[in-house]
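Reader: I'm new to protein structures and would like to learn how to read one. Could you walk me through an example, one feature at a time?

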Amino acid sequence: MRFYLISDNIDTQMGMRLSGIEGVVVHTSEEVSNALDKAMKMKDVGVVLMTELAVKQCREKVYDYKLTRETPLIVEIPDRHATSKISDTISHYLAEAVGIKL
């Protein structure tokens, strides 16, 4: 199993490539959606890493995959600016998945 990155910026992609993680740089919602669909079909990918902005551009599709698919695991990572709190994203995801607000 391997990691795959969907990033909104080249800096994150270059950093991940240095650690052996391949991926794509996307800018539009359509590009994010297509890249996510492609990554979800890759049999050898166990974890899809997505930057915050990439997740925001395709949030519903990401949550749908998280709720309906066991693999690969989709993990949101902070981008180079770390603009949002990952814990808020996790709380929102739990609220949608379980139906409770934390």
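Predicted model: local features only at pLDDT ≥ 70, side-chain atom pairs only at ≥ 80, totals over all residues.

Reader: How are two packed helices described in general, and at what angle do α2 and α4 pack?

Author: Two packed helices are described by the angle between their axes and the distance between the axes. Here, α2 and α4 pack at an angle of about 15°, and their axes are 10 Å apart. Angles under 35 degrees count as roughly parallel, so α2 and α4 are roughly parallel to each other. Their crossing is right-handed.

Reader: Which residues of α2 and α4 meet?

Author: From α2 come S33, L36, D37 and M40, and from α4 come K61, V62 and Y65. The residues of this contact divide into 4 nonpolar, 1 polar and 2 charged.

Reader: What does α2 itself look like, in residues and reach?

Author: Helix α2 covers residues 29-41, which makes 13 residues. From its first C-alpha to its last it reaches 19 Å, close to the 18 Å expected at 1.5 Å a residue.

Reader: Which residues of α2 are buried, and what do they pack against?

Author: V32, S33, A35, L36, D37, A39 and M40 are buried in α2. Their packing partners include the strands β1 (2-7), β2 (22-25), β3 (45-51) and β4 (73-77). The helices α3 (52-57) and α4 (59-68) are also among those partners.

Reader: Where is the cis peptide bond?

Author: Most peptide bonds are trans. In this model, the bond from T71 to P72 is cis, with omega near -10°. P72 lies in the loop between α4 and β4.

Reader: Now the whole protein: how many helices and strands are there?

Author: There are 5 helices and 4 strands. Starting at the N terminus, the elements run β-α-β-α-β-α-α-β-α. Of the 102 residues in the protein, 37% are buried. Among contacts between residues at least 6 apart in sequence, 65% join residues at least 24 apart.

Notes: Residues numbered from 1 in each chain as written. Heavy atoms only, no water. Expected span 1.5 Å × (residues − 1). Buried < 20%, exposed > 50% of the residue type's maximum accessible area, 1.4 Å probe, protein only. Contact = heavy atoms within 4.5 Å. Axes fitted to C-alpha atoms, helices over the stretch in contact; angles between N-to-C directions. Parallel < 35°, antiparallel > 145°, perpendicular 65-115°, else oblique. Left-handed = near helix turned anticlockwise from the far one by under 90°. Nonpolar A, V, L, I, M, F, W, Y, C, P; charged D, E, K, R; others polar.
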